[in-house]
Amino acid sequence: MKSIKELEEKRSALIAQGKELVAEETRDLNEEEFAQANALAEEVRELDAQIANEKLSRNADAIVETREAPITNTGDNKTMEKQEELRSLELYVRGQQETDEYRELTASISAGNATASTPGNGGVTIPRNVEADVIAKLGEVSPVFGLSKQFASVTGVLSVPRQGSLEAAGFTGELENLSQLKPQFETVDLTQKRVGAFIQLTDQVLNDSAVDLMSYSTGYLAQSLGRILEKNILVGAPKGFAPVKGNIAAENLVKFADVAAPTVEELIDLTNGINPYYLPGSVFVVSRAVYNVMSKLKDGNGEYLFFRGDTSTAGHPTFAGFPVYVSESLKDDPDSQVYFGNFSAGYGIMVKQGLALTLVQGDTAQVLAGGKMLAITGYMDGAVVDPYAFAAAKKA
């Protein structure tokens, strides 16, 4: 079939031919010329019909193609999908799984990792958009979690390289071979370790439709889980991660007279304890006691070295230009209450896809308490992937 352009070109040629036929206005057309003119006019009308039908057909094809095209997760579509996921979780928590709305929502987002309640875990898998929000909140609650290098995993087992030694280039003479760099790498196996937190919800809260239940619940659970993860990362916990404590290169441990009351010189020694390569992105992580001491330290001219945070550091205060974070996990640690280093280069966390949300109800404890328990669980693991990216204080 000819294209619309070809049909229009043929139409124009016929019209031009007809104009030439009637160009001589001084005489009437003879019988043969009159028949030829009618034939040209009829052919032009047929071409007009073909062009109109072709345009209509193409517009219809475009409409069908638009309707059948897959919807991409951009802008409003992604926002709507997230709202549907949040609504499905809220109905689940409120105990309205038997409603038509819940069934429709879970059916429409099943491809997005939302599944109906199963006997296996008694709960639902948190959909991917909501899970991304929870992970982001964990980073807000625990900056060391947010700063650490995160590896996504489906199977829950991951081997990552770990820096075993540092090699440095050197000077050499003319016509002498350059020294060969021989960096040593080890491997760290990150496996599934179950982490979780729970919140007790009263029937009064569950029955109040005005309460933004999911924002309240996920916010509280993220705070609890964030504190657990921070402790795992910094000092460790039973059956938990391989923490920063005890996994720092020996030469990066700096002696402090009092690990809870550092001096300016000791803190400067700490920043000098790691290779300058790691300094961009490095931070202090200290106990509350150390934070209080650091906030009052001055230089030789009597100027404070501690500055309140601004937009460049997301509101976090700085010492000697490096952000300072407080962690309750370091409270009363006899070994060290101040760490310094680059977490994005030095610490890796495997996060298995699919956080689970479980609602515990109907048992004796919940019935007597007049409420339900909501728990969030997932599988993660963490380890130091570069022991030279950190420095820490140790008791002199």
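In the predicted model, lysine 352 touches Glu131, Ser153, Val154, Thr155, Gly156, Gln192 and Tyr379, residues up to four places away in sequence not being counted; contact denotes heavy atoms within 4.5 Å. Residues are numbered from 1 along each chain as its sequence is written. Because the model is predicted, local features need pLDDT of at least 70 and side-chain atom pairs count only at pLDDT 80 or more, whereas totals for chains, interfaces and linings use all residues; side-chain values use heavy atoms, with hydrogens and water left out.

Lysine 352 is buried but forms no salt bridge, and the nearest side chain of opposite charge, that of glutamate 131, is 9.0 Å away. Buried means under 20% relative accessible area, exposed over 50% and partly exposed in between, with a 1.4 Å probe and protein chains only. A salt bridge requires a side-chain nitrogen of Lys or Arg within 4 Å of a carboxyl oxygen of Asp or Glu; Lys and Arg count as positive, Asp and Glu as negative, and His and the chain ends are not counted.

Lysine 352 belongs to strand E12 (residues 347-352). Helices (H or I, at least four residues) and strands (E, at least two) are DSSP runs, numbered from the N terminus. Six of the six residues of E12 are buried. Tyr347, Ile349 and Val351 lie on one side of the strand, and Gly348, Met350 and Lys352 on the other. In a regular strand the side chains alternate between the two faces of the sheet.

Strand E12 pairs in the parallel sense with strand E2 (residues 149-153) over five bridges, pairing being assigned if DSSP finds at least two bridges between two strands. Within E12, valine 351 is the bridge partner of alanine 152. Strand E14 (residues 371-384) pairs with E12 in the antiparallel sense, over five bridges, and there methionine 380 is the bridge partner of valine 351.

An open sheet of seven strands has the order E6-E15-E11-E7-E10-E9-E8, with mixed pairing. Strands E6 (253-256) and E8 (306-307) stand at the edges with a single partner strand each, so one side of each is left without a neighbour in the sheet. Strands E7 (residues 283-286) and E10 (residues 322-326) are parallel partners over three bridges, and valine 285 stands opposite tyrosine 325 in E10.

The buried residues of helix H9 are Val264, Glu266, Leu267, Leu270 and Thr271. These residues cover an arc of only 165° around the axis, which puts them on the same side of H9; the arc is that of the directions from the helix axis to the C-beta atoms.
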